[in-house]
Amino acid sequence: RKLGVALVGLGSYSTYQLAPALEMTKHCYLAGIVTGTPSKAQVWQKKYGIPDANIYNYENFKNIADNPDIDVVYVVLPNSMHAEFSVKAAYAGKHVWCEKPMALNVQECEEIIEACALNRVKLCIGYRMQHEPNTRQIREFVRNDNYGSLQVIDASAGYFDGRSGHWRLDKSMGGGAMYDMGVYPINNARFISGQEPVSVMAYKSAFRPNKFHEVDETMNFILEFPNGLMANCATSLGINYNRFFLTCSRGHIRLEPFQFYRGLKGSTSDGVQFRDQVQSQQAFQMDHDAMAILENRPVMVPGEEGLKDIKVVEAAFQSAEKGIRVKI
Ligand code: NAD
């Protein structure tokens with residue numbers, strides 16, 4: 001059986017990545033949509049053959065509880081709306097897939113985790129890189145000390161965002177570089193090292209302070225791990241960079257870009273090459289998550305993964321604000 005997925009929020013990620021990926025998945029399919037824009041509903045309905053009964057808006061969303069076609073609700077809304085819709089989906093008895101960043105703060109993350117536990121539905125966070133085979137192989141290299149002990153992580157993820165009037169510039173919507181791209185260095189550093197950071201020191205800067213007066217344009221931050229490992233991280237909505245570099249005691253590992261949808265590229269100091277291994281990272285992720293539900297197994301990227309990253313994000317904001325190192 002294939003699971004029916006309803007996408008909530010039909011913006012660019014749903015339109016250009018998730019919906020096409022759902023046509024490639026083996027274990028789930030696009031069964032429904034939730035949108036505030038009736039004209040979008042018409043276009044999607046035609047393109048993907050979605051029945052009238054499986055189209056919802058934000059007001060009648062809770063009626064999705066009565067729809068047996070929908071097994072999973074995938075929340076792909078602006079960051080400030082993740083908690084509200086993930087909690088509502090859980091109470092509607094649907095499994096929840098929630099995009100990164102999980103939510104705006106630790107409390108919201110805990111509310112989502114609790115709602116999913118109470119309603120006995122599974123919760124997956126959309127960290128596609130944890131499913132991605134090159135990233136997983138690098139994690140194995142580190143686990144097995146193939147290049148000696150891991151000494152330093154350098155990780156940067158950003159892009160130049162020239163848009164104006166977008167929610168990514170709005171603080172109340174969860175805008176800014178840290179929520180958008182900063183969670184990638186954090187999540188990859190935690191995932192690949194297998195360790196949890198104990199403190200963070202963060203700096204905030206902006207080339208366009210007039211545009212980025214509410215939210216962070218650029219953040220540089222150092223994560224300190226218990227055994228002396230440091231991660232030098234950077235994120236920006238003004239700078240194009242996307243690299244992950246591990247310095248180990250007997251060599252190094254590089255992935256650059258490490259987070260793009262396609263075109264991942266990298267190598268190790270002894271010549272191992274990294275290239276794309278899956279046709280669609282999103283299809284790969286959704287099939288893993290669907291299989292975990294169908295076979296009632298633990299999911300690969302549970303809510304706790306989103307929560308742990310948001311703990312770091314909260315501490316980083318506090319650090320940048322106060323100019324001090326903050327314990328996590
Ligand atoms: P987007 O701006 O393109 O889409 C957001 C959608 O939300 C739009 O359809 C918009 O109409 C709708 N919306 C509903 N209420 C809104 C409101 N009050 N204000 C603004 N928009 C509202 O954004 P996106 O790039 O599709 O990002 C959506 C989510 O997906 C974000 O949480 C983002 O972090 C995540 N995302 C994840 C990845 C990934 O690789 N995992 C990639 C891109 C985006």
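Trainee: Let me begin with H1. Which residues of H1 are buried?

Mentor: The buried residues of H1 are Tyr-13, Ser-14, Gln-17, Leu-18, Ala-19, Ala-21 and Leu-22. Buried means under 20% relative accessible area, exposed means over 50%, and partly exposed lies in between (1.4 Å probe, protein chains only). Helices (H or I, at least four residues) and strands (E, at least two) are DSSP runs, numbered from the N terminus.

Trainee: What do the buried residues of H1 pack against?

Mentor: They pack against strands E1 (3-8), E2 (28-34) and E4 (72-75), and also against helices H2 (38-48) and H7 (281-294). Contact here means heavy atoms within 4.5 Å.

Trainee: What kind of model is this?

Mentor: This is a predicted model, in which local features need pLDDT of at least 70 and side-chain atom pairs count only at pLDDT 80 or more, while totals for chains, interfaces and linings use all residues. Residues are numbered from 1 along each chain as its sequence is written, and side-chain values use heavy atoms, with hydrogens and water left out.

Trainee: How is the chain divided into domains?

Mentor: Domain 1 covers 3-125, and domain 2 covers 129-277 + 309-327. These bounds come from an automatic or database domain assignment. The centres of the two domains, taken over C-alpha atoms, are 27 Å apart.

Trainee: How many residues are in contact between them?

Mentor: 13 residues of domain 1 are in contact with 13 residues of domain 2. The two domains bury about 1,200 Å² between them, with 60% of it on carbon and sulfur atoms. Buried area is the accessible area (1.4 Å probe) that two parts lose on being put together, summed over both.

Trainee: Which three residues supply more than any other three on the domain 1 side?

Mentor: Lys-100, Leu-104 and Val-106 do, supplying 37% of the area that domain 1 buries against domain 2.

Trainee: And how many salt bridges are found across that interface?

Mentor: The rule finds 1 salt bridge there. A salt bridge is a side-chain nitrogen of Lys or Arg within 4 Å of a carboxyl oxygen of Asp or Glu. Lys-100 forms a salt bridge with Asp-180, and the closest N and O atoms are 3.4 Å apart. On the side of domain 1 that touches domain 2, H1 (12-22) and H4 (106-118) each supply at least two residues.

Trainee: Which residue does Glu-256 meet in a salt bridge?

Mentor: Its partner is Arg-243, at 3.4 Å from N to O. The pair links distant parts of the chain, 13 residues apart, with Arg-243 in strand E11 (residues 241-248). Glu-256 is partly exposed at 28% relative accessible area, and Arg-243 is partly exposed at 35%.

Trainee: How many salt bridges does the rule count?

Mentor: The count comes to 15 salt bridges. Among them, Glu-196 pairs with Arg-190, the closest N and O atoms being 2.8 Å apart. Arg-190 counts as buried at 3% relative accessibility, whereas Glu-196 is partly exposed at 36%. Arg-190, Glu-196, Glu-305, Lys-308 and Asp-309 are linked in a network of salt bridges.

Trainee: Changing topic, is Arg-120 buried or exposed?

Mentor: Arg-120 is exposed, with a relative accessible area of 77%. This residue lies in the loop between H4 and strand E6 (123-125). Arg-120 also has a positive phi of about 50° although it is not a glycine.
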